[in-house]
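Please look at the sequence and the model together. The paragraphs below walk through a few parts of the structure in turn.

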Amino acid sequence: MAEDKMQQQRFELKYIIKEDVARAVRDFVSGYLEIDEYGATLPNFSYPVHSLYLDSDELHLYQTTINGDKNRFKLRLRFYDNRSEAPIFFEIKRRMNNTISKQRGGVRRDAVDWLLGGHLPEPAHLVSRDPRQQVALQNFCKLTQDIRARPKAHIAYLREAWISPWDNSVRVTLDRAVRCEPETLGHLSTRMANPVLVFGKEVVLELKFTDRFPDWFKQLVRVFGLMQCGAAKYVDGVTLVGEYRFDRAFVLTHPVLTSPEFEPAAPRRWTSNAMSKPTDDR
């Protein structure tokens with residue numbers, strides 16, 4: 001298994017930009033970073049990312065973001081394709097004041113139901129012997145049980161990622177075609193039936209760094225006149241689609257009301273000029 005290059009703790013700044021600006025940002029960033037190995041040979045340098053988000057029936061985790069809680073977390077299962085041998089990554093993403101931390105552990109696809117059923121992972125389920133992944137999976141199971149979290153939403157997008165050739169301290173991502181649809185049965189498939197585009201044709205730009213805000217980040221923001229904003233894919237997706245459509249009982253008993261004929265509500269957006277206030281890697 002390839003080395004996991006995830007930034008375990010970092011700061012994040014997010015921006016919503018148009019496609020022409022995104023292409024210009026790519027040219028700028030390529031002078032400092034290199035395209036990551038997953039997107040180097042793909043069209044538009046982008047690879048697909050899929051996440052199954054978990055939440056309580058009351059959408060507790062969704063509400064903590066809506067309420068602006070400084071200390072909050074998200075639970076998600078991340079995958080990249082439908083191959084039976086491809087791992088599924090159980091991820092905890094925390095925000096503690098102004099920093100983002102992530103834990104994740106990979107398991108075999110046939111072990112997912114076992115973990116979602118409330119059982120702790122067994123050694124045979126793991127795809128890595130790294131003890132940090134075992135700890136991450138145990139923490140995931142505990143948090144899931146604490147709030148009685150269940151599958152709620154399938155989020156998918158195309159990610160273009162630029163990384164430092166020397167270390168893991170700086171990372172820039174461009175996420176396109178961010179889609180969301182209810183998934184309360186826990187299916188792990190890249191296929192989506194009736195997704196909505198969360199940010200339309202616009203691109204989510206994320207500047208990620210583990211220590212000091214790079215000087216060239218400041219130049220990038222100034223050159224392109226970027227305005228920092230919130231872009232929480234799960235939260236904005238649920239808001240756009242409608243909270244009631246993520247209730248499992250509702251989805252099973254009202255299939256007609258989950259069809260695309262129903263007009264979704266307008267997505268929530270907020271902006272900030274604060275350069276020091278971070279907000280959501282392969």
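**Strands, rings and confidence**

Strand β5 (residues 88-96) and strand β6 pair in the antiparallel sense over 9 bridges. Two strands count as paired if DSSP finds at least two bridges between them. Helices (H or I, at least four residues) and strands (E, at least two) are DSSP runs, numbered from the N terminus. This is a predicted model, in which local features need pLDDT of at least 70 and side-chain atom pairs count only at pLDDT 80 or more, while totals for chains, interfaces and linings use all residues. Residues are numbered from 1 along each chain as its sequence is written, and side-chain values use heavy atoms, with hydrogens and water left out.

Across this pairing, F90 stands opposite G105 in β6. The hairpin of β5 and β6 has 2 residues between the strands, and N97 takes a positive phi near 55° there. Strand β6 also pairs with strand β1 (residues 9-17), again in the antiparallel sense, over 2 bridges. In that pairing, I100 of β6 is the bridge partner of R10. Strand β6 covers residues 99-107 and is mostly covered, with 7 of its 9 residues buried. Buried means under 20% relative accessible area, exposed means over 50%, and partly exposed lies in between (1.4 Å probe, protein chains only).

The next topic is the aromatic rings. The structure holds 16 aromatic pairs. Rings of Phe, Tyr and Trp (its six-membered ring) pair if their centres lie within 6.5 Å; planes under 30 degrees apart count as stacked, over 60 as edge-to-face and the rest as tilted. One of the pairs is F28 with F224, which is edge-to-face, at 6.0 Å centre to centre and 75° between the planes. F28 lies in helix α1 (residues 19-29) and F224 in helix α5 (residues 215-224), so this pair ties together parts that are 196 residues apart in sequence. F28 is buried, with a relative accessible area of 17%, whereas F224 is partly exposed, at 24%. Another pair is formed by Y80 and F89: their ring centres are 6.4 Å apart and their planes stand at 65°, so this pair is edge-to-face. Y80 counts as buried at 11% relative accessibility, and F89 counts as buried at 6%. Ring pairs also link F11, F28, Y32, F209, F213, W216, F217 and F224 into a cluster.

Some rings have a charge over them, meaning that NZ of Lys or CZ of Arg is within 6 Å of the ring centre and within 35 degrees of the ring normal. R104 lies over the face of F89, at 4.0 Å from the ring centre. R94 lies over the face of F73, at 5.6 Å from the ring centre.

Helix α1 also holds R26, which counts as buried at 12% relative accessibility. The side chains of R26 and E160 are joined by a polar contact of 2.8 Å. A polar contact is a pair of N or O atoms within 3.5 Å; within protein, one must be able to donate a hydrogen and the other to accept it, and residues adjacent in sequence count only if both atoms are side-chain atoms. Leaving aside residues up to four places away in sequence, R26 touches N44, F45, E160, W162 and R176, where contact means heavy atoms within 4.5 Å.

Last comes pLDDT, the predictor's confidence in each residue, from 0 to 100. The chain averages a pLDDT of 87, and 85% of the residues score at least 70. Among the elements of the chain, α1 has the highest mean pLDDT (98) and helix α7 (residues 248-253) the lowest (64). Over residues 257-280 the pLDDT is below 50, and this stretch has 66 contacts in the model beyond near neighbours in sequence.
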